[in-house]
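Here are some notes for a colleague who is opening this structure for the first time. They are set out as numbered points, to be read beside the sequence and the coordinates.

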Amino acid sequence: MDGYNVAASDGLLEKYDSPAGADIDEKYMDPEGYWGGVYIGVMGLCSNQKVLSELGVEVPKTWDDLLNPKLKKQIMMAHPATSGTAFTALWTQVVLRGGEDEALEWMGKLNSNILQYTKSGSAPAQSAGRGEVAVAIVFSHDCVKYNEQGMTDLVTTIPSDGTGWEIGGVALVADAKNQDAAKQYFDWALSAEAQEVGPQFQSYQLFTNPDATPNDAMVDLDEVNLVDYDFVKAAEAKDELTSRFDEEIATAPKE
């Protein structure tokens, strides 16, 4: 939710105490009242089982598994400067490695195995589904979606050593027209009824409303090792960190 915090600080959002928010865990709601959490996404690894078998590599289960030399130019992810998905993956490394320098050092090792940094966060999963690479770093729900759409070689795993996550939210634009209608939509988006619409269209993000019935294709949070993801700290560090990534990692020659 880093974007929403930045938008609020710039005066672009209007506070709204939605009555529907009372049903949702406070950790998925902005304590200042600028946004409400509609879904939770979990970072994962989206692997093409057929390609991995041809390479003689097991499905990766940890982040360090991605450093396998047999995966040279067989991994794809988006660029953290253009994709919230990729920045979530990058900040996950900051948490796991103990700092930004350590995260960039690890990303430098991964860079040798990266074929391409895309602009879109979900695009790498489609490339993996087509067999262009063996592994994509994406939100897990995207991998499940493309598998259901016919890319049946795709396998979803969540790094057991810890992974990042996101909160997808809804907010009111300050001084916008049709505020009453916007508030009605805000209330509806937080409801169990609205959130249960997602799986009907192969959107398998987790629900924030506890009354919404989960779908079997969704990740079970009780079985996932989530890192302590500080959204505010990540947002404050984003500009400088993504610039460093571009200069030190993305444009560096691959070994």
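1. In this predicted model, the side chains of Arg244 and Glu248 meet in a salt bridge, with a nitrogen-to-oxygen distance of 2.8 Å. Both residues belong to helix 9, where they sit four residues apart, about one turn of the helix.

2. Through salt bridges that share partners, Asp101, Arg244 and Glu248 are joined into one network.

3. A search of the whole structure finds five salt bridges, and one of them is formed by the side chains of Arg97 and Asp64, at 3.4 Å from N to O. This pair, too, links distant parts of the chain, with Arg97 in helix 3 and Asp64 in the loop between helix 2 and strand 3, 33 residues apart. Arg97 is partly exposed at a relative accessible area of 24%, and Asp64 is likewise partly exposed, at 39%.

4. Helix 4 covers residues 100-111, and its twelve residues should span 16 Å at 1.5 Å a residue, which agrees with the 16 Å between its end C-alpha atoms. Which residues of helix 4 are buried? They are Ala103, Leu104, Trp106, Met107, Leu110 and Asn111. These residues cover an arc of only 160° around the axis, so they are on the same side of helix 4. As a general point, an α-helix has 3.6 residues a turn, so residues three or four places apart point the same way. The buried residues of helix 4 pack against strand 3, helix 3, strand 4, strand 5 and helix 9.

5. Strand 2, which runs over residues 35-48, is mostly covered, with 13 of its 14 residues buried. Strand 2 is joined to strand 7 by seven bridges, in an antiparallel arrangement, and Gly37 stands opposite Gly169 there. With strand 8 the pairing is antiparallel over two bridges, and Leu206 is the bridge partner of Ile40.

6. Strand 2 also pairs with strand 5 in the antiparallel sense, over five bridges, with Val138 as the bridge partner of Gly44. Four bridges join strand 2 to strand 6, again antiparallel, and in this pairing Leu45 stands opposite Thr157.

Methods: Residues are numbered from 1 along each chain as its sequence is written. This is a predicted model: local features need pLDDT of at least 70, side-chain atom pairs count only at pLDDT 80 or more; totals for chains, interfaces and linings use all residues. Side-chain values use heavy atoms; hydrogens and water are left out. The expected span of a helix is 1.5 Å times one less than its number of residues. Buried means under 20% relative accessible area, exposed over 50%, partly exposed in between (1.4 Å probe, protein chains only). The arc is that of the directions from the helix axis to the C-beta atoms. Contact means heavy atoms within 4.5 Å. Two strands pair if DSSP finds at least two bridges between them. A salt bridge is a side-chain nitrogen of Lys or Arg within 4 Å of a carboxyl oxygen of Asp or Glu.
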